[in-house]
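Here are my comments on the model, as numbered points. Please read them with the structure open.

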Amino acid sequence: MLFRSSTLERWAELEDVLHNEIRLLTDENDEDPQLETLRWRLADLYEHRLGRPESAVEVFQQLLDLKPEEIGPSLRLEKLFRDLGRYDELYDVYMLQESLLEDEDHLEVRRHLARLSMNELARPFDAIDQWRGILSEIHLDEESLTSLERLYESVEEWRDLIEIC
C-alpha cells in the first residue's frame, strides 16, 4: 500500500510539472510545438495513471480545438466518451471523424453514427439518415437494410419500409 501511495504522489507531482510547463509555454508562445506534446502527456497521465478520465477529456478537447484537422484527439475522445456514457458528445466526435476520414474508415464512422443514433441516443430519424447514406454507397448492405427495416417499422414509415423490402 505504501508503494501505491508513493507512486500516486509521484504521478501527481508530474501533473503539477506538466501544468506548469504548459502554462509557461502558453504565456510565451501558444504556437510552440512542445505544447502539443506536453498536453498529450498530461492527457495520457490523467487517463492511464491518475484514473481521471474527465480531466483527460478536457485536455483532449483542448488538443482538438488547436488542431481540428488532426484525427488523434478525436479517437481518444471517442473511447473516453463511450466509456463515460457521454453519447451526445460521442455523436459529435463521430460527426467530426466523418468529415476527416475517407473510404472504408468513413463508412465505418457512419455505421457508428447509425448504431449510436439507433440504440443509445434513441434518434430513429438520425439513424435512418445514416443507414440510407451507407446504402447510397453500398447498395445491398445487409446491416443497413436490416436496421432500416426495424427503424421504419418503429416509426411507422410504411411506404419507406415497402421500398426496401
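1. Helix H6 (residues 103–118) packs against helix H8 (residues 142–154) at an angle of about 25°, and their axes are 12 Å apart. H6 is therefore roughly parallel to H8 (angles under 35 degrees count as such). Axes here are lines fitted to C-alpha atoms over the stretch in contact, with angles from 0 to 180 degrees between N-to-C directions. Helices are DSSP runs of H or I with at least four residues, numbered from the N terminus.

2. From H6, Arg-111, Arg-115 and Met-118 meet Glu-143, Ser-144, Ser-147, Arg-150 and Leu-151 of H8; contact means heavy atoms within 4.5 Å.

3. This is a predicted model, in which local features need pLDDT of at least 70 and side-chain atom pairs pLDDT 80 or more, while totals for chains, interfaces and linings use all residues. Residues are numbered from 1 along each chain as its sequence is written, and side-chain values use heavy atoms, without hydrogens and water.

4. Trp-40 and Phe-60 form it edge-to-face, 5.3 Å centre to centre with 70° between the planes; edge-to-face requires over 60 degrees. Trp-40 lies in helix H2 (residues 33–49) and Phe-60 in helix H3 (residues 53–66), so the pair ties together parts 20 residues apart in sequence.

5. Phe-60 is buried at 0% relative accessible area, whereas Trp-40 is partly exposed at 23%.

Notes
Rings of Phe, Tyr and Trp (its six-membered ring) pair if their centres lie within 6.5 Å; planes under 30 degrees apart count as stacked, over 60 as edge-to-face and the rest as tilted. Helices (H or I, at least four residues) and strands (E, at least two) are DSSP runs, numbered from the N terminus. Buried means under 20% relative accessible area, exposed over 50%, partly exposed in between (1.4 Å probe, protein chains only). Angles under 35 degrees count as roughly parallel, over 145 as roughly antiparallel, 65 to 115 as roughly perpendicular and the rest as oblique.
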